[in-house]
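Hi,

Here is the structure I promised to pass on. Have a look at it first, and then read my notes below.

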Amino acid sequence: MSQDAYFRVTFVRPDGLQDATTGRATDKADAIRSANEALEHFERIGISDYLRSDGLTVEPPARLTVERVPANEAGSGFGLVITDPEGHITRK
């Protein structure tokens, strides 16, 4: 079993809204699953709506990045920040 690490998942929807989540996960796929759950809790759209069968990439025009981050940049759970195309935070 893998040891948890901290990941930031950034999902850019086709309409330009950007969803960023940061939290603990065992690997990139686990981070994407957790980010999807957090997003679907608040929005009617999720990463899974665009996720390819590999579980790590999305169909264009959506975009997805997953990166490891230091623990001081992450919380204990997957927090969600939604930003509009002009860079204004619409939900935190």
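**What I found**

Let me start with arginine 13, which is buried, its relative accessible area being 6%. Before going on, please keep in mind that this is a predicted model.

So what does arginine 13 pair with? Glutamate 43 is its partner in a salt bridge, with the closest N and O atoms 3.4 Å apart. This pair ties together distant parts of the chain: arginine 13 sits in the loop between S1 and S2, glutamate 43 in the loop between H1 and S3, and 30 residues separate them. There is also a network here, in which salt bridges link Arg13, Asp19 and Glu43. As a general point, oppositely charged side chains can pair when their charged atoms come close.

**The other salt bridges**

How many salt bridges does a search of the whole structure find? The count is 5. One of them joins the side chains of arginine 33 and aspartate 30, at 3.9 Å from N to O. Those two are about one helical turn apart, because they lie 3 residues from each other in helix H1. Arginine 33 is partly exposed, with 47% relative accessibility.

Glutamate 59 and arginine 52 also meet through their side chains in a salt bridge, this time at 3.1 Å from N to O. Both ends are partly exposed: glutamate 59 has a relative accessibility of 38%, and arginine 52 has a relative accessible area of 34%.

**The strands**

Next, strand S1, which covers residues 5-12. Is S1 mostly covered or mostly open? Mostly covered, with 6 of its 8 residues buried. S1 runs antiparallel to strand S2 (residues 18-25), and 8 bridges join the two. If you want a spot to look at in this pairing, find arginine 8, which stands opposite threonine 22 in S2.

The hairpin of S1 and S2 has 5 residues between the strands, and glycine 16 takes a positive phi there, near 95°. For background, most residues other than glycine have a negative phi.

S1 also pairs with S3, again antiparallel, through 6 bridges.

**The core**

Both of those valines turn up again in the largest nonpolar core, which has 17 residues. Val9, Phe11, Ile47, Leu64 and Val66 are the members that touch the most others. Two or more residues of this core come from each of S1, H1, S3 and strand S4 (79-83).

What does its side chain reach? The backbone nitrogen of isoleucine 47, at 2.7 Å. Not counting residues up to four places away in sequence, asparagine 36 touches Gly46, Ile47 and Ser48.

**The loop between H1 and S3**

Helix H1 spans 28-42 and strand S3 spans 63-68, and the loop between them holds proline 61. The peptide bond joining proline 60 and proline 61 is cis, with omega about 15°. In general, most peptide bonds are trans.

Threonine 57 belongs to this loop as well. Is threonine 57 buried or partly exposed? It counts as partly exposed, because its relative accessibility is 29%. Its side chain makes a polar contact with the side chain of aspartate 54, at 2.9 Å. Leaving out neighbours within four places in sequence, threonine 57 is in contact with Tyr50, Leu51, Arg52 and Leu64.

Threonine 57 and threonine 83 are 26 residues apart in sequence, and their C-alpha atoms are 21 Å apart in space. Alanine 29 and aspartate 54 are 25 residues apart along the chain, with 9.2 Å between their C-alpha atoms. Alanine 29 itself is in helix H1 and is partly exposed, at 22% relative accessibility.

Best wishes

Conventions:
Residues numbered from 1 in each chain as written. Predicted model: local features only at pLDDT ≥ 70, side-chain atom pairs only at ≥ 80, totals over all residues. Heavy atoms only, no water. Helix = DSSP H or I, 4+ residues; strand = E, 2+ residues; numbered from the N terminus. Buried < 20%, exposed > 50% of the residue type's maximum accessible area, 1.4 Å probe, protein only. Contact = heavy atoms within 4.5 Å. Polar contact = N/O pair within 3.5 Å; in protein donor to acceptor, adjacent residues only side chain to side chain. Pairing = 2+ DSSP bridges. Core = buried A, V, L, I, M, F, W, Y, C linked by side-chain atoms within 4.5 Å. Salt bridge = Lys/Arg side-chain N within 4 Å of Asp/Glu carboxyl O.
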